[in-house]
Amino acid sequence: MNCRVCKTPIESFMSFGKMPIANGFLSREHFAREYFFEMKVASCTKCGMFQLIEQPDREKMFNENYAFFSGTSKGMAVHFGEFAEHVKKDFLVSADPFVVEIGSNDGIMMKHFANAKIRHLGIEPSANVAQKAKENGVNTVSRFFDAQCASDIIKEYGQADAFLGANVMCHIPYMHSIVEGIKILLKPNGVAIFEDPYLGDVIEQITYDQIYDEHVFLFSVSSIKYLFEQYGMEVVDVEPQETHGGSMRYVIAPKGAQKISAKVHQQLEKEKMLGLHKPETYEQFRKNCERSRDELLGLMNKIRKQGNRIVGYAATSKSTTIINYCGITPEHIEFICDTTPIKQGKFSPGAHIPVKAYEEFVKDYPEYALLFAYNHSKEIMAKEQKFMQSGGKWIVYVPKVQVLEYDFVQ
Ligand code: SAH
Ligand code: TMP
Ligand code: ZN
């Protein structure tokens, strides 16, 4: 296997075992045909790109049954409102600006440009979520972005002032075609701004659940710098984000077009201190994952032996890695509650734990809830006062495996 970015041979440093499609919530009749792949990861010693060895075909993950609707989190709606405001204020300087977002999903960010009557286009291959965006008044085309797509866009709309993406760049294995596409698409003074889960946070906080089929890459400033420099572009700014348990926003411009912020250099230094370029760092990460897995399973076995009930809270894509890597079964978790209608009544990928409506959780509180959506914990803790007041406890695994009781959360 060669690195997808620099073509250097890479070797995996760990396997998470057989994994299903993370968002592949399924009905009982599809159990026998469920797709699995071996989830192995590597970090390139030359360019630093952290990547999956194998990724399932894109149509298996992104299609008309895509289960992730961005709008299910209020916190993310606020985040994307702020992101859109920042772009409007600081990056749209021309008279009649044009903005393109890839992976625009249900239009959670693009609707702010649509409402402000700014020329915009969302590129969203998963037809069901794209349809939702169209209903929200967002100009959307349902296809995969690549260099060909960029050429087609400029024929129809002209070049763009800003290229945006959130939690999508790290999903796409054909990065060379994407960066070529960005070059084709952008005006000479245009910028690309995107954010994705950050490798530094995954390593530091042991959030290994950021590794799943869709995330073919976990970016760092140094790997993104390497990639874009091959195309005459450079990272001019970086901004750490709290979203998804730790993300990084990158601002990219043609080389020399903009001043480079001191934050870029500082973050590169931090990455060196973290040892993101060293194989030992990943060896330690593997041990940390194994320890976290053993502790979580041990804790759940203990709780079940005591006769207590555990319900999973939020059927996130990330939970697919936790559940299948740790060997969590329907014996451990009675069901997972989730607010997304398309997931309800189905079963979780791989382990086949029933997914039920949120109301099922409220109806009969369990003693323990396993918090799969820790990235939304502020929103959830505010909402679940009653559960905690009635003695309900949280099982969490980030940054370490532990039980949180009401007093602690206060
Ligand atoms: N930006 C949203 C959605 C992230 S989920 C948010 O942060 O909440 C990733 C999205 O990217 C999915 O909706 C998926 O269909 C889309 N996607 C995957 N590959 C893509 C590609 N090559 N071009 C454009 N969108 C893509
Ligand atoms: P994410 O972590 O990938 O953003 O996925 C969030 C999932 O969590 C999505 O399926 C909706 C679900 N969810 C709930 O069920 N309840 C909640 O309160 C929140 C914030 C999310
Ligand atoms: Zn490489």
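Helices α8 and α9 sit oblique to each other, because that label covers whatever is not under 35 degrees (roughly parallel), over 145 (roughly antiparallel) or 65 to 115 (roughly perpendicular). This is a predicted model, where local features need pLDDT of at least 70, side-chain atom pairs count only at pLDDT 80 or more, and totals for chains, interfaces and linings use all residues. Residues are numbered from 1 along each chain, chains are lettered from A and ligands numbered from 1 as written, and side-chain values use heavy atoms, without hydrogens or water.

**Helix pair**
- The axes of α8 (residues 221–229) and α9 (residues 262–274) come within 9 Å and cross at roughly 120°; axes are lines fitted to C-alpha atoms over the stretch in contact, with angles from 0 to 180 degrees between N-to-C directions.
- Helices are DSSP runs (H or I, at least four residues), strands too (E, at least two), numbered from the N terminus.
- On α8, Val221, Ser222 and Lys225 make the contact, meeting Val264, Gln267, Leu268 and Glu271 of α9 (contact: heavy atoms within 4.5 Å).

**Zinc site**
- Cys3, Cys6, Cys44 and Cys47 coordinate the zinc ion (ligand 3) through SG, at 2.3 Å; donors are N, O and S atoms within 2.8 Å of the metal (3.2 Å for Na, K and Ca).
- The site is tetrahedral, with angles of 97 to 116° among its 4 donor atoms (four donors, all angles between 85 and 135 degrees).
- Cys3 and Cys6 are both buried, meaning under 20% relative accessible area with a 1.4 Å probe, protein chains only (exposed is over 50%, partly exposed in between).

**Asn105**
- Asn105 lies in the loop between β4 (98–102) and α3 (110–115).
- Its relative accessibility is 4%, so Asn105 counts as buried.

Key: Four donors count as tetrahedral if all angles lie between 85 and 135 degrees; four count as square planar and six as octahedral if opposite donors are over 155 degrees apart and all others between 65 and 115; anything else is irregular.
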